[in-house]
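Here is a short briefing on one protein model. Please look over the sequence and the structure before reading on.

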Amino acid sequence: MPPKFKRHLNDDDVTGSVRSERRNLLEDDSDEEEDFFLRGPSGPRFGPRNDKIKHVQNQVDEVIDVMQENITKVIERGERLDELQDKSESLSDNATAFSNRSKQLRRQMWWRGCKVKALTALNVAILKIIKLTEVFNKGKK
């Protein structure tokens, strides 16, 4: 008779236990090839080659650091360019407003100049009329 309840194992439980068993079996052997695959080329047999790999890895790390700095600088430059663009747009708007206000002020000053000239001409005309009337009044007496 089959069992009423089956035990369901998770794939993680099975694979985890199988993996740990494999690792234990591999670690139990002290063969150099297996050490190479488990721990990397760190044995005495791979000494000079390991130095070259470390040297290349250090160069790669330096290049990565330089690239990260460059990316940071590019991002900062982009932010500064955005700020400059905002400032230039603000300056452009202010320049346009200043130009419009200066044109309006120039028109006002021109009209004021015209009014002053007209009033001066009117005063001169009134004075001439007064002088002429005095001259005609003296001539009639």
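Both Trp110 and Trp111 are exposed. They belong to a model that is predicted. The protein chain has three helices and zero strands. Of its 141 residues, 1% count as buried.

**Aromatic pair**
- The structure holds one aromatic pair.
- The rings of Trp110 and Trp111 have their centres 4.9 Å apart and their planes at 75°, so the pair is edge-to-face.
- The cut-off for the edge-to-face class is an angle over 60 degrees.
- In general, a pair of aromatic rings is described by two quantities, the distance of the centres and the angle of the planes.

**Fold and exposure**
- Along the sequence, the pattern of the protein chain reads α-α-α.
- Helix α3 covers residues 47-140.
- The protein chain exposes about 13,800 Å².

**Negative patch**
- Which residues form the negative surface patch? Glu76, Glu79, Asp82, Glu83, Asp86, Glu89 and Asp93 form this patch.
- Asp82, one of the patch residues, is found in helix α3.
- Is Asp82 exposed or partly exposed? Asp82 has a relative accessible area of 45%, so this residue is partly exposed.
- The cut-off behind that label is 50%: a residue counts as exposed over this value.

**Nonpolar patch**
- A nonpolar patch on the surface is made of Leu119, Leu122, Ile126, Leu127 and Ile130.
- How much accessible area do these residues have together, and what is the value? Together they have about 460 Å².
- Leu127, one of the patch residues, has its place in helix α3.
- Leu127 has a relative accessible area of 53%, so this residue is exposed.

**Helix α3 in brief**
- Asp82 of the negative patch lies in helix α3, and Leu127 of the nonpolar patch lies in helix α3 as well.
- Asp82 is partly exposed, whereas Leu127 is exposed.

Methods. Residues numbered from 1 in each chain as written. Predicted model: local features only at pLDDT ≥ 70, side-chain atom pairs only at ≥ 80, totals over all residues. Heavy atoms only, no water. Phe/Tyr/Trp six-rings, centres within 6.5 Å; stacked < 30°, edge-to-face > 60°. Buried < 20%, exposed > 50% of the residue type's maximum accessible area, 1.4 Å probe, protein only. Patch = residues over 30% accessible without salt bridge, like charges linked within 9 Å, V, L, I, M, F, W, Y side chains within 5 Å. Areas by Shrake-Rupley, 256 points an atom, 1.4 Å probe, with all protein chains shown as cover. Salt bridge = Lys/Arg side-chain N within 4 Å of Asp/Glu carboxyl O. Lys, Arg positive; Asp, Glu negative; His and termini not counted. Charge placed at Lys NZ, Arg CZ, Asp CG, Glu CD. Helix = DSSP H or I, 4+ residues; strand = E, 2+ residues; numbered from the N terminus.
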